[in-house]
Amino acid sequence: MTQRLVVIGNGMAGARTVEEILARNGDFTVTMFGDEPYGNYNRIMLSNLLAGVETEEGIFLNDLAWYQENGITLNAGVKVERIDAQAKVVHDSTGVATPYDKLIIATGSYSWTPPMKGVHHPKRGYHQGVFAFRTLDDTRGMIRYARDHERAVVIGGGLLGLEAARGLQNHVSHVTLLHAMGHLMERQLDPKAGQMLQASVEGKLGIEVITNAMTTEILGKDRVTGVKLKDGTVIECDVVVIAAGIRPNTEMVANSGLPVERGIVVDDQMRVEGHPDIYSVGECAQHRGNLYGLVAPLWDQAKVLADHITGRNPDAAYHGSKLSTKLKVAGIDVASMGLIAPESDDDEVIVYNEPKKGVYKQLIIREDVLVGAVLVGDNSKAASLIQHFDRGTALPEERAELIFDIGGPAGEVSPAEMADDAQVCNCNGVSKGAICGAVSAGCKTVGGVMDKTRAGKGCGTCKPLVQRIVEWANGGAAEEDPAASWYVPGVPMPKPELMEAIRRYELKSVSAVFDKLVPGGEHDAKSKMGLASLLKMMWADQYIDERDARFINDRVHGNIQKDGTFSVVPQMKGGVTTPAELKRIAEVAEKYRVPMVKLTGGQRIDLLGVPKEQLPAMWADLDMPSGYAYAKSFRTVKTCVGSDFCRFGVGDSTALGIAIEERYQGLEGPGKMKLAVTGCPRNCAEAYVKDLGVVAIDGGKWEIYVGGAAGAHIRKGDLLTTVGSADEVIRLTGRFLQYYRENANWLERTYAFVPRIGIDRIREIVVDDADGIAAALDAAVDEAVQAYKDPWKERAEPVTPGQFRTSLPLTVLPQVPVRA
Amino acid sequence: MKTLTPTVLGPLSDIPPGEGRTYAVDGEMIAVFRLRDGSLRAVSAVCPHKGGPLADGQIDNSIVVCPLHLFAWDLATGCSQSGQAPINVYPVREDEGQILLGE
Ligand SMILES: Cc1cc2nc3c(=O)[nH]c(=O)nc-3n(C[C@H](O)[C@H](O)[C@H](O)COP(=O)(O)OP(=O)(O)OC[C@H]3O[C@@H](n4cnc5c(N)ncnc54)[C@H](O)[C@@H]3O)c2cc1C
Ligand code: SF4
Ligand code: SF4
Ligand code: FES
């Protein structure tokens, strides 16, 4: 019979428990209450959100659709105010009573505020400028406020305070961390380790740390102007973040007459004492006297509860967790487990200390079993130490092996050595066994295994280990995948063979290639774009253009954005524009109410957030050529001021950049091509890190660099050659680009292509014409240049029916922030 | 499959071969694709991953690839090939040059 399950608290433990129950096909209709007005997000990631390395969408674990799909009624933004255990109903803040057969309480914790004068404002809750660090709303508020302020004080030198301090550095210029105790993270680290961490935080990160700092008062009338310490010191600041600890959210539960001590008292099945139909998990639960404030134990609890409540294993029992943490605190490796100080004379203490490098390691061993460890600055041995600690296995005779890699490969646990149930992903509680299971079930890629098991999908620090285990489970050296050499995944041929066959059979359209060259004639969506690019390069104006073979960007000549709108980037050769053009762009932006106008890294103006159906009209009003900000093609030539105006300039970089862009605009390739010309080796246009970069040097000469990159990958280009005239630069540019177009793999940028072929070999072909193909390359690129048509001219007559019709759904999409 | 009252969406020629277009039907947004083998498919228009416009995706005769993060869904069953939530599929066919949605 289907039972009614009510869950109070939609945080990490509550939602995870429900996921575990669903995974066991529990027969429940589920209703969840969450005080926060959202689906379920990864609270851990708030640190990353604050630090600007993660976006809001990126931290959601389950969005609202997930609840819908699983038939869960989510009352987001609704607080449960009382549990009536007698009548088996919960009463919420909207006045509704919801009956249950089974109840799970997962109300988590709140951020604790130490007693201080002036922290609260009579009308507003916290004083203006004072923040806790617990929820998404806290974090949003903090970011919004900190952006316009200068100096922040963080109260609390534990893990959370350190993360907050680090994150705030992203928004304010000065951060001070106050800690009431004698050293940082005093609950996980011994004094020596704490001092080491402090030195690193101060030296490497530039965060000022004050220990033994008792904050007694928040200063400021309308908003914060500073804090005052017990010894009278005043620290001026305009933002205060309190991260002084957490307290379980149990008030409502206690008021409802359920047993609460420090937390809600539960037994080994996570059942609330004396209430067979009520359970509690997460930070609010007290198990055998312990409260847990990290996610790993919560995952264990969720599993036990799910096993028990679904009847999968009614005797499943939670025995408590041994707490270990392995993390990067504000960019510094820290691991800690068990004791931080010896408890008896017989405890063996092993210490290694290298202050200059900021490395400190301490082990506490009792009767040959590891009972405590602290590592700062080097976590390479943390995984194996945690394993020894968790299992209580016998330690090696040679104690040094525990803290150093003696002989073995540096800093890496080998997958073979790891036990099957060793936890690899500490955020999501995924074991080595689970990863190997996914691999043997047929999931051979790292990404596939991550999707399946969720390993590596929390904070991400375990990704390299996940990769090693997948490779190992695949049989050591990763299996040789025949498809790896194919140009596109759906046509079983490497590029040279494929080009050969295309020429032989005169295949001029993408569907012709599938029909002729794929056994069974199977079409493949993921191959279309690569083939379209290749065919266009090979056949120039003879290419039969099937619009569905193009990616949406190339179908509507704009770059699709996260909300389904597009960007319009007019051409601006060499980054040069005129007041009249600027005016026109401004007028168009105003007329179409463009939500964001942005200068791009390639020296152009980006009009972002344009609905598809408005593109043709905007192009017409702009009446400028397309700047190709969307295709796998020649993009821009960035230039510096050069000899025109710059007092250092030795070459006219602007003129040359414009000439190159004029000639090769819109040229398609296997990847995008970004170029630059700079007027002297001071490199203001960053030519050393472009697919092709030109640098003027004294004596009227130009150096040409190829294979540089400064995107997700960073590489300084290799010097191809030095030439004596701008004309030669233009000719060699075309020849190199054509050689790249013909020989690079699909999506292989020049930074991978150039090292693969070797710069010497490229020089032989492109500069010295050792293979005798230079003339052919020149002719081919010339033909492509002749075939150029400005795609924005397509505006008058759509090429296909509904080419610019909206595909946008009516439902609400993620909102892209609009800056004034 | 979800049931919908039969609705004529417009002429088949509104959708170029190998592409998709979005239609609003009964308050739902539905992406209809015209495969290169001549048949039609209809699925929900919104990518369950992060709301991408599926009609702007690329297709072959079995899957659609969302343009935003390139996750793929089977056009016939709505199942994800990449561990995402499934999408709704709707009955659709051609009837004398018109696109007919629903049974
Ligand atoms: C910034 C930050 C960084 C962290 N980093 C790490 C880390 O690196 N590693 C780690 O292991 N842990 C970390 N943690 C701790 C981790 O996030 C928590 O241990 C975990 O979120 C606890 O889960 P929970 O479900 O018990 O509580 P929560 O996630 O807090 O969920 C409880 C939910 O219940 C709701 N609620 C409370 N009362 C009611 C009510 N009466 N009615 C309805 N809803 C209610 C609350 O609004 C809340 O949404 C971090 C925490 C923070 C804040
Ligand atoms: S690279 Fe040289 S010429 Fe160009 S702006 Fe900088 S200093 Fe001037
Ligand atoms: S410029 Fe690069 S990093 Fe920035 S949004 Fe675009 S892809 Fe991402
Ligand atoms: S929104 Fe569709 S794949 Fe991400």
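## Cysteines

Zero disulfides turn up over all chains of this predicted model, counting a disulfide as a pair of cysteine sulfur atoms within 2.5 Å. Two cysteines sit in contrasting surroundings. A:Cys436 is buried, because its relative accessibility is 17%, while A:Cys684, at 59%, counts as exposed. (Buried means under 20% relative accessible area, exposed over 50% and partly exposed in between, with a 1.4 Å probe and protein chains only.)

## Helix 1 against helix 8

In chain A, helix 1 (residues 12-23) and helix 8 (residues 295-309) have axes that come within 8 Å and cross at roughly 40°. That makes the pair oblique, the label for angles left over once under 35 degrees (roughly parallel), over 145 (roughly antiparallel) and 65 to 115 (roughly perpendicular) are taken out.

Who does the touching? Helix 1 of chain A brings residues including A:Met12, A:Arg16 and A:Ile21, and helix 8 of chain A brings others, among them A:Leu298, A:Trp299 and A:Ile309; contact here means heavy atoms within 4.5 Å. The residues of this contact split into 10 nonpolar, one polar and three charged.

## Around A:Met624

A:Met624 lies in the chain A loop between helix 19 (615-622) and strand 36 (634-639), and counts as buried at 4% relative accessibility. Leaving out residues up to four places away in sequence, A:Met624 touches A:Pro570, A:Gln571, A:Glu581, A:Arg584, A:Ile585, A:Trp619, A:Asp790 and A:Trp792. Its C-alpha atom is 9.6 Å from that of A:Val569, 55 residues apart along the chain.

## Ground rules

Residues are numbered from 1 along each chain as its sequence is written, and chains are lettered from A in the order in which they are written. Local features need pLDDT of at least 70, and side-chain atom pairs count only at pLDDT 80 or more, with side-chain values using heavy atoms and leaving out hydrogens and water.

Conventions: Axes are lines fitted to C-alpha atoms, for helices over the stretch in contact, and angles run from 0 to 180 degrees between N-to-C directions. Helices (H or I, at least four residues) and strands (E, at least two) are DSSP runs, numbered from the N terminus. Ala, Val, Leu, Ile, Met, Phe, Trp, Tyr, Cys and Pro count as nonpolar, Asp, Glu, Lys and Arg as charged, and the others, Gly among them, as polar.
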